[in-house]
Amino acid sequence: MKILIADDDRISRMVTKAAVEQSGHECIVAVDGDSAWELYKEHSPEAVVTDLMMPGLNGLDLCRAIRAAEEDRYTYVILVTSHGSRKDVLAGMEAGADDYVTKPLDPFSLHIRLLAAQRITSLHADLARYRSALSEQARTDPLTKLHNRLKLAEDLGQLHSREDHDYCLAMVDVDNFKSYNDIYGHQAGDAALVAIATTLAREMRKGDAVYRFGGEEFLLVLEDQSAATAGVVLERVRSAVHDLRIEHSGDPDGVLTISAGVSAYAEGHRAGSEQLLREADLALYAAKASGRNRVTLANALRSE
């Protein structure tokens, strides 16, 4: 483990450092509470062994600062007291310490506590990884591996926090997909959706995003795009899906195609995300009504 020692007494620092290194751990040393806090932020140690009374931040303040700064990681804090009074121990635990030792420091006592620290921090690291994996799973469509509507809602919220940041939404739907499932079966339908999702993701720029909106519908977010440039991108995407040549005897084109509706968050039209989604959906409906396998811009519908 990487362990931070904080103590303003030189002899105590030397004794503690020797005990930590003898236990096989990496050691970082701070001479007061303020420098300990800076070293903590810089090095992110797994454990902190801190004196109770120090210049600057004392041991209790350092504990509180560490606990307030933690997110997915956990730091094991051992408080070092001069006499181990019940009052000091209780104050330390209430401030966020995990354990305590008394001066003069017994290397064996510290070694035992560091073993416990290693187990606890390892457990917290595992839990953080599991939480991260579950969070990602909750935001991922299991079939296509694209982001889902939960992640879309979060990302749109972030986009709208940057009020002058232009972007476009494109609602994409696979044409005549119900008849495709009826003719070829749902297993083939799933494979087709995966192939189309892969194509959509491949055709996007690095800063853009693709989401499975539901069923055979996808939602594309294109940042820093006008309606006109987004329309060009969607025409390229539409052509790429057509070029997959996924046979569909129930479609006039003989292959699976997509239609798309595009709405824009731009100067003069700072609409909310729900309105933009409605506009993209109406533009998609217009593309379907016009014969499918095409892209329609919402601003063109507004100008009619």
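In helix H6, the residues Lys151, Leu152, Asp155, Leu156 and Leu159 are buried. Seen down the axis of H6, these buried residues fall within an arc of 130°, so they line one face of the helix. The face turned away from that buried side carries Ala153 and Gln158, both exposed. The structure described here is a predicted model. H6 runs over residues 149-160 and has 12 residues. From its first C-alpha to its last, H6 reaches 16 Å, close to the 16 Å expected at 1.5 Å a residue.

H10 itself has 17 residues. Its reach from first C-alpha to last is 24 Å, close to the 24 Å expected at 1.5 Å a residue. The buried residues of H10 are Leu276, Leu277, Glu279, Ala280, Ala283, Leu284, Ala286, Ala287 and Lys288. After H10 comes Gly291, whose phi is positive, near 125°.

Salt bridges were searched for across the whole structure, and 21 were found. One of them joins Asp7 to Lys103, with the closest N and O atoms 3.3 Å apart. Asp7 lies in the loop between strand E1 (2-6) and H1. Lys103 lies in the loop between strand E5 (99-102) and helix H5 (107-138), so the pair ties together parts that are 96 residues apart in sequence. The two partners sit in unlike surroundings. Asp7 is buried, at 2% relative accessibility, whereas Lys103 is partly exposed, at 22%.

A second salt bridge links Asp141 and Arg212, and here the closest N and O atoms are 3.3 Å apart. Asp141 lies in the loop between H5 and H6, and Arg212 in strand E7, so the pair ties together parts that are 71 residues apart in sequence. Asp141 and Arg212 are both buried.

Arg270 is partly exposed, with a relative accessible area of 33%. Glu267 is exposed, with a relative accessible area of 70%. Elsewhere, salt bridges that share partners join Asp7, Asp51 and Lys103 into one network.

Helix H1 (residues 10-22) contains Met14. Together with Ile11 and Val15, Met14 makes a nonpolar surface patch of about 260 Å². Met14 is partly exposed, with a relative accessible area of 48%. This value is over the 30% required of patch residues.

Glu203 is placed in helix H8 (residues 186-203). Its relative accessible area is 18%, and it counts as buried. Leaving aside residues up to four places away in sequence, Glu203 touches Arg236, Val237 and Ala240.

Ser239 lies in helix H9 (residues 227-242). This residue is partly exposed, at 28% relative accessibility. Ser239 and Asp72 are 167 residues apart in sequence. In space they are 44 Å apart, C-alpha to C-alpha.

Gly56 is found in the loop between strand E3 (47-51) and helix H3 (59-69). It counts as exposed, at 55% relative accessibility. A gap of 216 residues in sequence separates Gly56 from Gly272. Their C-alpha atoms are 48 Å apart.

Methods
Residues are numbered from 1 along each chain as its sequence is written. This is a predicted model: local features need pLDDT of at least 70, side-chain atom pairs count only at pLDDT 80 or more; totals for chains, interfaces and linings use all residues. Side-chain values use heavy atoms; hydrogens and water are left out. Patches are made of residues with over 30% relative accessible area and no salt bridge: like charges are joined within 9 Å, nonpolar side chains (Val, Leu, Ile, Met, Phe, Trp, Tyr) within 5 Å. Accessible areas come from the Shrake-Rupley method with a 1.4 Å probe; for residues, only the protein chains shown count as cover. A salt bridge is a side-chain nitrogen of Lys or Arg within 4 Å of a carboxyl oxygen of Asp or Glu. Helices (H or I, at least four residues) and strands (E, at least two) are DSSP runs, numbered from the N terminus. Buried means under 20% relative accessible area, exposed over 50%, partly exposed in between (1.4 Å probe, protein chains only). The expected span of a helix is 1.5 Å times one less than its number of residues. The arc is that of the directions from the helix axis to the C-beta atoms. Contact means heavy atoms within 4.5 Å.
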